[in-house]
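Here is a short briefing on one protein. Look over the sequence and the structure first, then read the points below.

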Amino acid sequence: MEQDYTEFYNKFLEAWGYDAQSNVCIEEMSELTKALCKYARFGKENAPQEVKNNVIEEIADVLNMVEQMQAYFGEAEVTKIRQQKMARTLNKLNNL
């Protein structure tokens with residue numbers, strides 16, 4: 001996480017619970033999917049700024065919710081697996 005919002009995420013999880021927050025995460029991922037599909041439909045060069053701005057907003061929403069899920073499931077565990085996956089992908093890239 002670029003800025004540590006863990007304290008806030010834990011407050012949100014305490015206030016609303018995992019079930020509610022995981023559902024919000026799913027909703028936000030769906031909204032990002034929709035925004036990216038709309039952006040692709042316009043074509044990267046032709047997409048209006050409003051469409052691009054919506055993609056940016058939805059990315060921010062998803063990051064906030066995914067980081068909240070990371071706080072719930074354990075940042076160290078998620079970070080470890082991310083590093084393994086990055087190394088695997090870099091290895092694939094180097095072998096092209």
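**Overall fold**

Along the sequence, the protein follows the pattern α-α-α. It has three helices and zero strands. Helices (H or I, at least four residues) and strands (E, at least two) are DSSP runs, numbered from the N terminus. This is a predicted model, in which local features need pLDDT of at least 70, side-chain atom pairs count only at pLDDT 80 or more, and totals for chains, interfaces and linings use all residues. Residues are numbered from 1 along each chain as its sequence is written, and side-chain values use heavy atoms, with hydrogens and water left out.

**Size and packing**

- The C-alpha atoms of the protein fill a box of roughly 45 × 40 × 20 Å, taken along the principal axes.
- The protein has a radius of gyration of 16 Å, while a compact globule of 96 residues would be near 12 Å. The radius is taken over C-alpha atoms, and the globule rule is 2.2 Å times the number of residues to the power 0.38.
- Of the contacts in the protein with a separation of 6 or more, 68% join residues 24 or more positions apart. Contact means heavy atoms within 4.5 Å.

**Surface**

- Of the 96 residues in the protein, 22% are buried. Buried means under 20% relative accessible area, exposed over 50%, and partly exposed in between (1.4 Å probe, protein chains only).
- The protein exposes about 7500 Å², and carbon and sulfur atoms supply 55% of that area. Accessible areas come from the Shrake-Rupley method with a 1.4 Å probe; for residues, only the protein chains shown count as cover.
- F8, F12 and W16 form a nonpolar patch on the surface, with about 330 Å² of accessible area together. Patches are made of residues with over 30% relative accessible area and no salt bridge; like charges are joined within 9 Å, nonpolar side chains (Val, Leu, Ile, Met, Phe, Trp, Tyr) within 5 Å.
- F8 lies in helix α1 (residues 6–42). F8 is partly exposed, at a relative accessible area of 40%.

**Salt bridge**

- Side chains of opposite charge can pair when their charged atoms come close.
- A search of the whole structure finds one salt bridge. The term means a side-chain nitrogen of Lys or Arg within 4 Å of a carboxyl oxygen of Asp or Glu.
- E7 forms a salt bridge with K11, and the closest N and O atoms are 3.8 Å apart.
- E7 and K11 are separated by about one helical turn, because they are four residues apart in helix α1.
- E7 is exposed, with a relative accessible area of 52%. K11 counts as partly exposed, at 49% relative accessibility.

**Aromatic pairs**

- The count comes to six aromatic pairs. Rings of Phe, Tyr and Trp (its six-membered ring) pair if their centres lie within 6.5 Å; planes under 30 degrees apart count as stacked, over 60 as edge-to-face and the rest as tilted.
- One of the pairs is Y5 and F8, which is tilted: 6.3 Å centre to centre, with 40 degrees between the planes. Y5 is partly exposed, with a relative accessible area of 28%.
- The rings of Y18 and Y72 have centres 4.5 Å apart and planes at 25 degrees, so this pair is stacked.
- Y18 is partly exposed, at 30% relative accessibility. Y72 is partly exposed too, with a relative accessible area of 43%.
- Ring pairs link Y5, F8 and Y9 into a cluster.
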